[in-house]
Amino acid sequence: MVGSLQSVCQDYEPNSLLVRYAPGLAAQAAPRGVRIKSVVGSQGVRKLEITDGSAVDTKLAELKATPGVLYAEKNWRLNTSVVASAVVAPNDPMFGQQWHLPKVAANQAWQVTKGSEKIKVCVIDTGADPTHPDLPVKRGYNEIPDKAGPTNFSDGNGHGSHVTGIIAARTDNKIGVSGLAWNVEVVACRFLDAKGNGYLDGALDCLKTCREVEQANITSNSWGGGSYSQALYDEIKACEDAGQLFVAAAGNEWTNTDLTVTDPASEVGYPAVFNLNSIISVAATDSSDKLTWFSNYGKTTVDLAAPGMDIRSTWSYGRYATESGTSMATPMVTGAAVLVHAAALAAGKLLQGVRVELRLPWGTRLTALQVKDILLQSVDAIPGLPVASGGRLNVNKAVQAAVDRASKAAEVTTASYTLRHSLYVPTILGCKAWGNRSRQPYRKAAAAVTGLPLASVASPSCQCARAKQLRVVLTLTTGKVELARAQALLQQLKASVGNGAFWRAVRAVSTKAQRPSAGDGSCLVNQGMACPAVSIRQNCPASQLKG
């Protein structure tokens, strides 16, 4: 089955039109022979029902000529183009059949991130199977005016379940297939029925719900059809303004959409060909990195390609199927976008050194346009591939680029950092005795050698590392500083321990009772500090040993 949701003919809902009036003029501008049936989307678009028996084209022309009408258009049908039957397989592990995952270097990307449930994807399609053992979708919406109810997103077609599985099938669970994003929140919005048919007003409502109610980071849109729609353009633009990424199927007409996009009557490639920055238009390639026989293409209207031929994924009713289409390539880019978001959120700095670490206490949240830029800039170049980026999706490169971008952002962004340094000190006493003598002097010494306020230094922790030795951990918190300053402070602390400045500070701030002894180990650093001669009479209790 070629799984693109594209119109196969000039088809629209009978006796129905979509119109947007100038503010405050809806009642006055409505002509005779129509009634307002509902408001769809978020831009004030009215769905009109023709009540006087007029033809749709006749009433459309009348509306367009009516003062106060900003635009009027047909309620285009969006549906599935089926050219072959689905191949359904039994429920067993199928990762070896998913050639597309190693092709886009997903295995390597998973070493960096497997996703994050802080990222939300809204799949706008035929719904999803909520009972499928390999699908994580437990919440969704129904924008089809039927008896199923507004929250029944069950998939009677299979297409939406297939798309959702490519993005986020449960992975590493010994069941079925693997998804690109192991961890992600997925919400389904159903506006296409069991036959794969739906109308533009349902798509507008799904987009509104995914933006206003769910506030999703990404929408995945393996559907299309109809000619240019100002209502759909406006709704996607509202999603863009809200910071949402719109991943869209380029379509399955084997057409150069660079040529058709300038034709007002063309029904090829929408909504993917809209000139909006937040849209990623996705073509389909095969296992040899060749453009598939059905995929649309264009060096200005299509952004990149992804595998879209013979893709194994979940299906409705708990089953699995192999599908082909730009519909399958689209969720791969969606899943990659999830990993890019997650990699940036989790990005941190780790300074290599003996028992020294510095971590960012926060991640970087990328914008939709930054995610798009990373995905397009990190493709594998494929000679002759007629898309804007000139290449095919590489998830690992994209994830690495996200980490690099987050790290560079950290270098010029001020933040509060936590610095930690571990000291290993010989002792004849346990942690309790050490703490009684040395905890406060160690705090003061750490503050003195770094120049940080005493309040920035936590009370040192202590544990028996091994016999006759304690592990003492110094923890300091900086104020708002750049990364370079935090690194310098950490190195300053480390150097002071090595050159004796820290130990001299310990002695200087200690009271007579706190002065170093052979018992607390601080005098054993060879920096000219005399240790009293005492006999070792006890070691760390065996019950406190930590290896």
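Start with α9 and α10, which are roughly perpendicular to each other, because their angle falls in the 65 to 115 degrees class (under 35 is roughly parallel, over 145 roughly antiparallel, the rest oblique). Select residues 326-346 for helix α9 and 368-377 for helix α10: the axes come within 10 Å and cross at roughly 115°. Axes here are lines fitted to C-alpha atoms over the stretch in contact, with angles from 0 to 180 degrees between N-to-C directions. Helices are DSSP runs of H or I with at least four residues, and strands are E runs of at least two, numbered from the N terminus.

Now show side chains. On α9, pick Val333, Ala336, Ala337, Val340 and His341; on α10, pick Val371, Ile374 and Leu375, and you have the contact (heavy atoms within 4.5 Å).

A word on ground rules: this is a predicted model, where local features need pLDDT of at least 70 and side-chain atom pairs pLDDT 80 or more, while totals for chains, interfaces and linings use all residues. Residues are numbered from 1 along each chain as its sequence is written, and side-chain values use heavy atoms, leaving out hydrogens and water.

Next, jump to Phe502 and Trp503, an edge-to-face aromatic pair at 5.2 Å centre to centre and 85° between the planes. Pairing takes Phe, Tyr and Trp (six-membered) ring centres within 6.5 Å; planes under 30 degrees apart are stacked, over 60 edge-to-face, the rest tilted.

Last stop: select Tyr228, Tyr233, Tyr270 and Phe274, which form one aromatic cluster.
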